[in-house]
Amino acid sequence: MKSTMREMEKNSEISSAIEELSKVVIIKHGENHEFVLIPTKPFISLCYLLLQVLDKIGPTMVVLRQDLHHNIKRLEEMHESNPSMNSNLVEILESEAREGNARKRSSCSKAFLWLTRSLDFSLALLKTLAIDPEKNMEQVVEESYNIALKPWHGWISSAAFRVGLKLVPESKTFMDLLKTKDENCDTLKEKMKILVSLLVPFLDETHCILRLYNLDRLKST
């Protein structure tokens, strides 16, 4: 166990996210995809890694980070209350939809929705920097926010984002924070591209699931 922990500490958030995402494979059974599986625990781990990446952007992400942490904890508490029963996120969504609780503020369905949108933001950010790691970081963050989160945020969240936007680090500083001691920029870029290639199909599927349960158009209140 100790050796495993040491290995995890050596990994960057990007490397660890690739590893966790490989466990969050969406499994479908039946010709009409009657059964869909998104493992809850690996998804939670993936989101915690996202939280660590956002920490490196700094104060700009404080509102998003707080929401992200709150939504992760909601899924985590649900999973820990009955790990065997709540091992599949899609079954949790189905249960809440059946009981009429999916759109409630405290639902796991809404937590999953906003975590997916936060992953959308991360995808847009990493995709841009993997191609052009020297691009102005303020511009990268703003463009990613406009794509993934702004359409769904109210004016309070948008205003809070604007206030912190000037505090983002330079792109080189951010990339350096994502690297381990043994990594160079080219190695990190390749890992970011791998993570992006895994996130794209995964998020395509999660958005299909959100549409299935009529959650995809919900905005913050």
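Biologist: How does E190 count, buried or partly exposed?
Modeller: This is a predicted model, where local features need pLDDT of at least 70, side-chain atom pairs count only at pLDDT 80 or more, and totals for chains, interfaces and linings use all residues. Residues are numbered from 1 along each chain as its sequence is written, and side-chain values use heavy atoms, leaving out hydrogens and water. Buried means under 20% relative accessible area, exposed over 50%, and partly exposed in between (1.4 Å probe, protein chains only). E190 has 46% relative accessibility, so it's partly exposed.

Biologist: Which side chain meets E190 in a salt bridge?
Modeller: A salt bridge needs a side-chain nitrogen of Lys or Arg within 4 Å of a carboxyl oxygen of Asp or Glu. At 3.8 Å, N to O, the partner is K193.

Biologist: How many residues apart in sequence are the parts that E142 and R162 tie together?
Modeller: Their side chains meet in a salt bridge at 2.3 Å, N to O. E142 lies in helix α7 (residues 137-148) and R162 in helix α8 (residues 155-164), so the parts they tie together are separated in sequence by 20 residues.

Biologist: What is the orientation of α5 and α6 to each other?
Modeller: Helix α5 (residues 89-99) and helix α6 (residues 108-131) pack at about 130°. Angles under 35 degrees count as roughly parallel, over 145 as roughly antiparallel, 65 to 115 as roughly perpendicular and the rest as oblique. So α5 and α6 are oblique.

Terms used: Axes fitted to C-alpha atoms, helices over the stretch in contact; angles between N-to-C directions. Helix = DSSP H or I, 4+ residues; strand = E, 2+ residues; numbered from the N terminus.
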